[in-house]
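Reader: Could we go through the ligand site together, and then turn to the cavities?
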Amino acid sequence: MTRIAIVGGGISGLSAAYELEEQRRNSSLALEYVLYESSSQLGGVLRTEHIDGCVVEAGPDSFITEKPWAADLCRELGLGDQLIGSNDADRKTYILVRGRLIEMPDGLMFLVPTKIMPTVLSPLFSWKTKLRMAMELFHPPRAVGHDESVGEFVERHYGSEMVERLGDPLLSGVYGGEAASLSVRAVLPRFAEMERKYGSLGRAMLAARKKMSAGPRRVAPPLFTSLKNGMQHLAETVVSRLTSSSLVTDAPVQAIQREAGGWVVFAGMRSDYFDAVIIALPAAAAAHVLRMASPELAAELAAIEYSSSITVGLGYGPDVRQTLPPGFGFLVPRGEGKRLLAATFVHNKFPHRAPEDRALLRCFFAGVNAENVWPLSDDQIIGIVRSELQQIIGLRAEPLFARVYKWKSAMAQYGVGHLERLERIERLRHQLPGLALASNAYRGIGVPDCVWSGRESAKQLLPR
Ligand SMILES: Cc1cc2nc3c(=O)[nH]c(=O)nc-3n(C[C@H](O)[C@H](O)[C@H](O)COP(=O)(O)OP(=O)(O)OC[C@H]3O[C@@H](n4cnc5c(N)ncnc54)[C@H](O)[C@@H]3O)c2cc1C
């Protein structure tokens with residue numbers, strides 16, 4: 001009998017357990033697994049509340065459709081009919097510039113303008129930046145050099161205004177971090193590759209579009225995918241497929257140690273012996289658990305930084321929806337002096353998530369601003385959100401409900417040199433047979449990346 005422990009019951013650990021369960025059921029392999037979760041609830045940051053007919057996401061609200069692993073898992077679980085796409089017909093995102101919301105121009109592919117007229121006419125950029133955009137088309141290809149921050153990379157191509165108005169807020173919305181410290185190779189590998197091949201990101205995007213338009217015409221899939229009843233439904237459905245006696249909650253693992261060719265897992269007063277272990281934890285927690293088994297590996301893991309975030313869900317009654325701007329929501333660049341980083345108009349992005357006579361907003365604090373408001377009470381945080389919403393979109397109405405969700409050090413920050421660190425981590429891990437690592441610490445922080453990392457970690461440990 002092969003025994004495998006999984007430490008951590010977020011979507012990474014649950015995906016690993018699901019992969020093992022599938023192998024156990026569908027092969028002749030004698031396999032047993034135990035999943036340890038420190039809290040009383042499985043799913044980690046995937047948490048949904050149903051309030052007043054609204055689906056309120058406390059953690060992630062969706063995942064990008066382009067990465068298939070989360071949607072594939074949903075389909076395997078029989079949740080295919082529960083998948084919903086973002087309402088891209090109404091996709092509009094605003095950026096706050098000098099206190100005024102300005103729509104992101106059409107044709108902007110993340111940061112790269114691909115349509116001339118909407119960019120030229122947009123008040124989002126100064127003439128100086130527009131000129132930089134035109135000159136960017138003549139950037140020569142660049143030999144692979146050192147890693148650098150996204151901020152430096154974007155500034156080299158488009159200047160500092162592009163970093164401040166778009167690069168930084170867009171990345172903060174995904175990673176909760178700052179463009180000045182995130183690694184371009186880890187966070188935007190496709191852009192680094194475009195630069196290597198084409199020099200100009202604009203030319204690379206235009207070449208990619210030309211290639212696509214030469215192929216068979218396909219309807220573009222929605223940018224984001226989610227589940228009708230919320231992201232927690234995914235975690236709950238995975239749990240329902242697992243062997244319930246294999247799931248141990250309220251069981252923080254203190255350490256794992258190598259012994260007799262296998263691993264001993266210490267959780268509270270109990271210890272148990274396994275052939276292999278999957279550590280599906282944020283990097284700092286993984287470092288703590290591994291500190292005795294490999295101080296070097298623990299040190300590398302501990303060096304991966306994390307940022308905290310706070311989401312606030314607000315539901316409003318009739319008449320509010322029509323007073324709000326159309327579109328998915330807005331981003332606030334750091335220089336605007338607000339504490340909010342972003343707000344999503346959920347009723348527009350995912351209309352299934354709010355009755356027609358409700359407006360549902362999801363507001364987001366990240367990084368330094370999340371740390372600054374962290375000690376405040378929920379009422380005080382709601383007060384800040386309401387005051388900033390009033391300043392930005394003139395929303396004065398009293399919400400029907402408001403909920404604050406705090407996530408301490410939950411979003412990994414892939415700093416400059418992250419990929420080199422991953423190579424060192426892999427080398428050290430190879431010295432520890434029967435150990436696998438999964439989570440958002442390594443090769444992607446989105447839900448699809450975590451599903452992939454969990455399932456891959458399980459496959460690594462199974463006999464081939
Ligand atoms: C507010 C927020 C919004 C996000 N929005 C999106 C989004 O819209 N789209 C998207 O794709 N991604 C989003 N993400 C990112 C994504 O949700 C996460 O990266 C992913 O869910 C992390 O899953 P995980 O299993 O690796 O970690 P976690 O969910 O953090 O799970 C780790 C688990 O380990 C447990 N644990 C910790 N220490 C121990 C221990 N010693 N022993 C046992 N158990 C332990 C914890 O209790 C937890 O349950 C968001 C993240 C946050 C925080």
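Author: A residue is near a molecule if one of its heavy atoms lies within 4 Å of it. This is a predicted model, in which local features need pLDDT of at least 70, side-chain atom pairs count only at pLDDT 80 or more, and totals for chains, interfaces and linings use all residues. Residues are numbered from 1 along each chain as its sequence is written, and side-chain values use heavy atoms, with hydrogens and water left out.
Reader: Which residues come nearest to the ligand?
Author: Ser12, Glu37, Ser62, Ile445 and Val447 do, out of the 36 residues around the ligand.
Reader: Where does the backbone of Ile445 lie relative to the ligand?
Author: A backbone N or O atom of Ile445 is 2.5 Å from an oxygen atom of the ligand. For Ser62, a polar backbone atom is 2.6 Å from a ligand nitrogen atom, and for Ser38 a backbone N or O atom lies 3.1 Å from a nitrogen atom of the ligand.
Reader: Now the cavities: how many of 30 Å³ or more are found?
Author: The search of the whole structure finds one. A cavity is a set of points, on a 1 Å grid over the protein atoms alone, where a 1.4 Å probe fits but cannot get out; lining residues have an atom within 4 Å of a point. The volume is the space filled by probe spheres set on the points, which are joined across faces, edges and corners. The largest cavity holds about 70 Å³.
Reader: Which residues line the largest cavity?
Author: Among them are Val55, Glu57, Asp61, Thr311, Arg353 and Arg362.

Methods. A polar contact is a pair of N or O atoms within 3.5 Å; within protein, one must be able to donate a hydrogen and the other to accept it, and residues adjacent in sequence count only if both atoms are side-chain atoms. On a 1 Å grid over the protein atoms alone, a cavity is a set of points where a 1.4 Å probe fits but cannot get out, and a pocket is an open set with protein on both sides within 12 Å along at least five of seven lines; lining residues have an atom within 4 Å of a point.
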